[in-house]
Amino acid sequence: MAHPTQIAHVVYGTHRFDEMIAFYETVFGDVVRMNNGKHAFLSFDHEHHRHALINLGPIDDEVPAGAGDYAKRPGVRHVAYAWEDVPTLMSVYERLRNEGIKPVKHVKHGPSLSLYYEDPDGHRSEFYADVMSTEDAIEFMTSEVFVEDPVGDNFDPEEVLAVVRAGEDYTSYVRRIPDPS
């Protein structure tokens, strides 16, 4: 069974966007890699990001803490686990699919190919493999394509799995449209 190579990053939803950026800059020595006012990606080391923040806007005083729509509720959005490469990621997808566990979301972010799973309590985990070098990913994160839409494009994991299993070049299946290279 393949295991992740690392716990890679944490994403937070927040009503205190600027304060959170300042906190992570101060506490961890993070450098902001990209901030478009809605999303910010920060890192304290060589990685393209270790912390990501989603700006949820002003606090709604009428909604009690911990209540309301997931998209509007502050807190951990997901914890990300990195896998060695796309073939390994797709073998994990296949094993889990065969166990009846399917991702709730699958996205080509640009720097990475990602599958999102939820545990029985609804906690979300991102399983991903990088599809760019760290240097290219950091550069891509400042591109107009990424700044305008840091989330990216959906993909069909069955299609990518078939290409990987056939031993074909999967690059065009995992790169974001428009291709950042």
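A polar contact is a pair of N or O atoms within 3.5 Å; within protein, one must be able to donate a hydrogen and the other to accept it, and residues adjacent in sequence count only if both atoms are side-chain atoms. This is a predicted model, in which local features need pLDDT of at least 70, side-chain atom pairs count only at pLDDT 80 or more, and totals for chains, interfaces and linings use all residues. Residues are numbered from 1 along each chain as its sequence is written, and side-chain values use heavy atoms, with hydrogens and water left out.

**Exercise 1. Describe the surroundings of Arg176.**

Step 1. Arg176 lies in the segment after α6; helices (H or I, at least four residues) and strands (E, at least two) are DSSP runs, numbered from the N terminus.

Step 2. Classify its accessibility. Arg176 counts as buried because its relative accessibility is 2% (buried means under 20% relative accessible area, exposed over 50%, partly exposed in between; 1.4 Å probe, protein chains only).

Step 3. One of its polar atoms lies 2.3 Å from the backbone oxygen of Asp149. The backbone oxygen of His109 is 2.8 Å from a polar atom of the Arg176 side chain.

Step 4. Arg176 forms one with Asp149, with 3.5 Å between the closest N and O atoms. Asp149 sits in the loop between α4 (144-148) and β9 (153-154), so the pair ties together parts that are 27 residues apart in sequence. Asp149 itself is partly exposed, at 30% relative accessible area.

Step 5. List other contacts (heavy atoms within 4.5 Å). Leaving aside neighbours within four places in sequence, Arg176 touches, among others, Lys108, Gly110, Phe140 and Pro150.

**Exercise 2. Trace the salt-bridge network that includes Glu94.**

Step 1. Start from the total. The whole structure holds six salt bridges.

Step 2. Name the members. Glu94, Arg97, Glu158 and Arg165 are linked in a network.

Step 3. Take the pair within a helix. Arg97 bridges to Glu94, with the closest N and O atoms 4.0 Å apart. Both belong to helix α2 (residues 86-98), three residues apart, about one turn. Arg97 is partly exposed, at 21% relative accessibility.

Step 4. Arg165 bridges to Glu94 at 2.6 Å between the closest N and O atoms.

**Exercise 3. Characterise the largest pocket.**

Step 1. On a 1 Å grid over the protein atoms alone, a pocket is an open set of points where a 1.4 Å probe fits, with protein on both sides within 12 Å along at least five of seven lines; lining residues have an atom within 4 Å of a point.

Step 2. Give the volume (the space filled by probe spheres set on the points, which are joined across faces, edges and corners). The largest pocket holds about 440 Å³.

Step 3. Find the lining. There are 23 lining residues, and Val11, His78, His109, Tyr116 and Val151 are the closest to the centre.

Step 4. Assign elements. β1 (6-14), β3 (39-43), β4 (51-55), β5 (75-82), β7 (112-118) and β8 (124-130) each give two or more residues. β4 gives the most, with three.

Methods: Salt bridge = Lys/Arg side-chain N within 4 Å of Asp/Glu carboxyl O.
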